[in-house]
Amino acid sequence: MGKYIHWTLGLITILVGVVRVATVGWEVQPALAGGSSSLAEWQSLIEQSEKLREEVAIALRVVSRAPEEVFCVGARIGHPIESLSGFRITPVTCRFGNWMLELEADNLAVQTDGTVLPVEQLLDRPVAERARFTTVRFQLQRWRWYPVAPELGQGVSEKAKN
């Protein structure tokens, strides 16, 4: 049941991200691929804000978990930018018990010579130029906490009732 809830929540988060991307005109929605990660993978983003770092530390204590044990869902860049296809981008959502943390940041592609461009601008560049971008970094913009939807994780299946 717990894996089903995580899978469902992950799917919902990915779909919301794709809808957000589509509504602002970013044309990579077909390239986005789902993916789960741990909160530990987002530590450098969290460290950009003292307030966020403190909030996350409190949440980790409340749920008695290490960052490696907190499940997060986001999207991968995908194949139109082959050199960055394995990288995750924001927004990303992490679950802390009955609370979700959504992180939003500017997704920045970094070229081998140090040139930085927003990831979405790379699609307008020639394929050969895209290949010179080899890593992604983030600039934190905002975050929000919200409760897990009551209908998720509190239901009882028909089999369990019988």
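Colleague: Where does S64 lie?

Modeller: S64 sits in the loop between α3 and β2 (71-76). Helices (H or I, at least four residues) and strands (E, at least two) are DSSP runs, numbered from the N terminus. Before we go on, this is a predicted model: local features need pLDDT of at least 70, side-chain atom pairs count only at pLDDT 80 or more, and totals for chains, interfaces and linings use all residues. Residues are numbered from 1 along each chain as its sequence is written, and side-chain values use heavy atoms, with hydrogens and water left out.

Colleague: Okay. Is S64 buried or exposed?

Modeller: S64 counts as exposed, at 64% relative accessibility. Buried means under 20% relative accessible area, exposed over 50%, and partly exposed in between (1.4 Å probe, protein chains only).

Colleague: And what is phi of S64 near?

Modeller: Phi of S64 is near 50°, a positive value in a residue other than glycine. Most residues other than glycine have a negative phi, and most peptide bonds are trans.

Colleague: Which peptide bond is cis, then?

Modeller: The bond from T90 to P91 is cis, with omega near 10°. P91 belongs to strand β3.

Colleague: Switching topic: how many disulfides does a search of the whole structure find?

Modeller: The search finds one. A disulfide here is a pair of cysteine sulfur atoms within 2.5 Å. C72 and C94 form this link, with their sulfur atoms 2.1 Å apart.

Colleague: Which parts does the pair tie together?

Modeller: C72 lies in strand β2 and C94 in strand β3, so the pair ties together parts that are 22 residues apart in sequence. The link of C72 and C94 is right-handed, with 105° about the S-S bond.

Colleague: Are C72 and C94 buried or exposed?

Modeller: C72 is buried, with a relative accessible area of 0%. C94 is buried as well, with a relative accessible area of 0%.

Colleague: On to the largest nonpolar core. Which residues touch the most other members?

Modeller: L39, V56, L84, F96 and L103 do, out of 28 residues in that core. The elements α2 (43-46), α3 (50-63), β3 (88-96), β4 (99-111) and β6 (133-147) each supply at least two residues of this core. A nonpolar core is a set of buried Ala, Val, Leu, Ile, Met, Phe, Trp, Tyr and Cys residues joined through side-chain atoms within 4.5 Å.

Colleague: Pick F96. What is F96 in contact with?

Modeller: Leaving aside neighbours within four places in sequence, F96 is in contact with L39, V56, A59, L60, V63, V70, L101 and W145. Contact means heavy atoms within 4.5 Å. F96 lies in strand β3 and counts as buried, at 3% relative accessibility.

Colleague: And what does L103 touch?

Modeller: Not counting residues up to four places away in sequence, L103 touches W42, L45, I46, L52, T90, P91, V92, R142 and W143.

Colleague: How many aromatic pairs does the structure hold?

Modeller: Two. Rings of Phe, Tyr and Trp (its six-membered ring) pair if their centres lie within 6.5 Å; planes under 30 degrees apart count as stacked, over 60 as edge-to-face and the rest as tilted.

Colleague: Why is the pair of W42 and F138 tilted?

Modeller: Their ring centres are 5.2 Å apart and their planes are at 50°, so the pair is tilted. W42 is in the loop between β1 (33-38) and α2, while F138 is in strand β6, 96 residues apart. Both W42 and F138 are buried.
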